[in-house]
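Q: I would like a close look at a single part of this protein, worked through in one connected answer.

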Amino acid sequence: MAQGKDPWIEASDVIPMFPTLVCKVQLEAQLYQAINARILDALAEMRRDLPGLARGEGWQSEQTLHQREELSELVCCINKAARSVLQFLRIGYDAFEITGCWANVLAKGAAHRAHTHPNNFLSGVYYVRTQSGADTINFHDPRGQTGIIRPPVTELTAENTDQVVVRVKNGTLLLFPAYLQHSVDANASEEERVSVSFNIMFSGFTENLSKPLW
Ligand SMILES: [Fe+2]
């Protein structure tokens with residue numbers, strides 16, 4: 001449709017279909033400050049004997065942090081949020097579980113390429129330390145075929161973009177479909193960017209199907 005002042009099709013004529021939902025929860029300051037202090041202490045202990053990160057380097061912990069006592073409050077929030085998302089989606093299930101949970105530390109200049117988390121239903125990230133220049137995550141259009149033709153746009157909108165940048169803060173909890181590609185731009189701040197990622201799968205599937213991947 002050509003650009004003009006008199007568009008024939010109005011917004012009300014458009015039917016949104018098959019939405020890709022990213023759920024964003026901001027924990028209250030009192031709660032997240034306590035959670036983050038415990039996580040940072042635990043990570044400092046895990047990294048005690050490791051050399052500091054050089055510019056452009058990242059570090060990931062083991063993938064079993066959800067089993068540690070220091071993360072029990074966060075695990076409680078993750079489970080609550082996951083239950084809420086499953087209810088919102090009207091998903092019928094017997095039980096779900098966290099199949100992996102790990103910390104990501106990105107030094108100045110370090111990024112994370114686009115990826116998904118196969119063999120899980122939901123994935124998520126919780127933000128422990130963010131600051132200006134290290135406070136975003138990118139989500140990429142899961143409809144691969146839309147990339148076949150990318151005409152120039154006169155204005156970037158939710159309907160024509162192939163990437164959505166979500167701004168996060170300390171204490172932000174994101175949940176999204178595990179199939180949704182996401183990436184992190186290079187840390188443009190002087191401080192480390194610290195987050196905790198996790199995956200969620202229906203318990204029956206974890207017993208009978210392929211092992212979840214990170
Ligand atoms: Fe990820």
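Which strands does H1 lie across, and at about what angle does H1 run to S5?

A: This is a predicted model, in which local features need pLDDT of at least 70 and side-chain atom pairs count only at pLDDT 80 or more, while totals for chains, interfaces and linings use all residues. Residues are numbered from 1 along each chain as its sequence is written. H1 lies across S3, S5 and S10 and runs at about 90 degrees to S5; helices (H or I, at least four residues) and strands (E, at least two) are DSSP runs numbered from the N terminus, and angles, from 0 to 180 degrees, are taken between N-to-C directions of axes fitted to C-alpha atoms, for helices over the stretch in contact. H2 also packs on the sheet, touching S1, S3, S5, S8 and S10, and its direction makes about 45 degrees with that of S8; contact here means C-beta atoms, placed from the backbone, within 7 Å.

The sheet itself is open, with 6 strands in the order S1-S8-S5-S10-S3-S2 and antiparallel pairing, where two strands pair if DSSP finds at least two bridges between them. Strands S1 (23–26) and S2 (58–60) stand at the edges with a single partner strand each, so one side of each is left without a neighbour in the sheet.

Within the sheet, S5 and S10 run antiparallel and are joined by 7 bridges, and Tyr 126 has Val 196 in S10 as its bridge partner. Leaving aside residues up to four places away in sequence, Val 196 touches Ile 39, Leu 65, Leu 74, Cys 101, Ala 103, Tyr 126 and Val 128.

Methods:
Contact = placed C-beta atoms within 7 Å.
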